[in-house]
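Here is a short report for a reader meeting this structure for the first time. Please keep the sequence and the 3D view at hand.

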Amino acid sequence: EIGIISIPLTFLLLSGHMDLSVGSIVGVCGIVCGMLLRAGQPIVLAILASIAAGAAVGFVNGVIVGKLKIQAVVVTIGTQVMFRGLCYIMTSGRAVSGYPLSFFVLGTGDILGLPISVLVLAACYLGAWFVLERTYLGRYILAIGNNQNTTRYSGIRVDRVKMLLFVFCGVMTAIASVFLISRLSSAEATLGSGYELDIITAALIGGIDINGGSGKLQGTFLGILIIGILRNGLNLMGLSVIYQSIILGVLLLVAVAKRKG
């Protein structure tokens, strides 16, 4: 799930922006999907509703950042708290479970021995790589990250690109949330908490410039692998989640300091 969310977040970082609300968006979208499934709605409808919810919250972030010209960090800190509060309101603090058995295939099933989620992740990475390396949109994203004003004077609709990136982030985060609740078999108000730290750390370790305009998607992928291996190793050592967060925070500071150096 973290790998899927890292794709749009990398796009945002390359454009000089970031979305700190992705963890809360995972919660909102996962709960929407879970509540519909528990109510007996078709699986496809529940997934589409989750994606629509992700697009809606991404649109909210995009409009505020793109049209009101407020820094993305400030905006997404606010929406992070707001969306997390919405999660608690939707669930009343209780887990949402009781899904049909066929839904669990997404999170636990495989095709030719490969998990479905891994196949989806691979397809998403290939598509995202093509967009960044072979399309005008990829060039626009890097141009905005390098110099937003110059890009705007070149005739590119910078605000529209920003809104598109935030909506894309919401949609991809919703897809990740569907796989997550399928794997966990429940959706809670805390679903997705802390995901943004792991993803941003992975992106910076992978060489993405936090100021935008520089970096490769494959760098983020390698960073995700490093974080995953590190977390698994720390779990095997029996290290508390609290200490794991401290170590990831130190890695984040080191990665930023290295880029500055």
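The report covers helix packing, salt bridges and one asparagine.

The model is predicted. Residue numbers start from 1 along the chain as its sequence is written.

## Helix packing

Two packed helices are described by the angle between their axes and the distance between the axes.

Start with helix H1, residues 2–14, and helix H11, residues 217–236. They pack at an angle of about 145°. Their axes are 10 Å apart. The crossing of H1 and H11 is right-handed. On the H1 side, the contact uses Ile-2, Ser-6, Ile-7 and Thr-10. On the H11 side, the partners are Leu-217, Thr-220 and Ile-224. By class, the residues of the contact of H1 with H11 are 4 nonpolar, 3 polar and no charged.

Now turn to helix H2, residues 22–38, and helix H4, residues 72–91. Their axes come within 8 Å and cross at roughly 25°. Angles under 35 degrees count as roughly parallel, so H2 is roughly parallel to H4. The crossing of H2 and H4 is left-handed. H2 brings Gly-23, Ser-24, Ile-25, Gly-27, Val-28, Ile-31, Val-32 and Met-35 to the contact. H4 brings Gln-80, Phe-83, Arg-84, Leu-86, Cys-87, Met-90 and Thr-91. The contact of H2 with H4 divides into 9 nonpolar, 5 polar and 1 charged residues.

## Salt bridges

Side chains of opposite charge can pair when their charged atoms come close. How many salt bridges does a search of the whole structure find? The search finds 4 salt bridges. The table lists some of them.

| Salt bridge | N to O distance |
|---|---|
| Glu-1 and Arg-183 | 2.9 Å |
| Asp-159 and Lys-69 | 2.7 Å |
| Arg-152 and Asp-159 | 3.6 Å |

Take Glu-1 and Arg-183, which meet in a salt bridge. This pair links distant parts of the chain. Glu-1 sits in the segment before H1. Arg-183 belongs to helix H9, residues 158–184. Glu-1 counts as partly exposed, at 22% relative accessibility. Arg-183 is partly exposed too, with a relative accessible area of 42%.

Next come Asp-159 and Lys-69, paired in a salt bridge. Asp-159 lies in helix H9. Lys-69 lies in the loop between helix H3, residues 43–66, and H4. The pair therefore ties together parts that are 90 residues apart in sequence. Is Asp-159 buried or exposed? Asp-159 is buried, because its relative accessible area is 16% and buried means under 20%. Lys-69 is partly exposed, with a relative accessible area of 49%.

Arg-152 also forms a salt bridge with Asp-159. Arg-152 is partly exposed, with a relative accessible area of 29%. Salt bridges that share partners join Lys-69, Arg-152 and Asp-159 into one network.

## A buried asparagine

Where is Asn-61? Asn-61 is placed in helix H3. Its relative accessible area is 0%, so Asn-61 is buried. Which residues does Asn-61 touch, not counting residues up to four places away in sequence? The list is Asp-19, Ser-21, Ile-25, Val-75, Thr-76, Thr-79, Phe-83 and Phe-166.

Some of these names have come up already. Ile-25 of H2 and Phe-83 of H4 take part in the contact between those helices. Asn-61 touches Ile-25 and Phe-83 as well.

Note on methods: Predicted model: local features only at pLDDT ≥ 70, side-chain atom pairs only at ≥ 80, totals over all residues. Heavy atoms only, no water. Axes fitted to C-alpha atoms, helices over the stretch in contact; angles between N-to-C directions. Helix = DSSP H or I, 4+ residues; strand = E, 2+ residues; numbered from the N terminus. Left-handed = near helix turned anticlockwise from the far one by under 90°. Contact = heavy atoms within 4.5 Å. Nonpolar A, V, L, I, M, F, W, Y, C, P; charged D, E, K, R; others polar. Parallel < 35°, antiparallel > 145°, perpendicular 65-115°, else oblique. Salt bridge = Lys/Arg side-chain N within 4 Å of Asp/Glu carboxyl O. Buried < 20%, exposed > 50% of the residue type's maximum accessible area, 1.4 Å probe, protein only.
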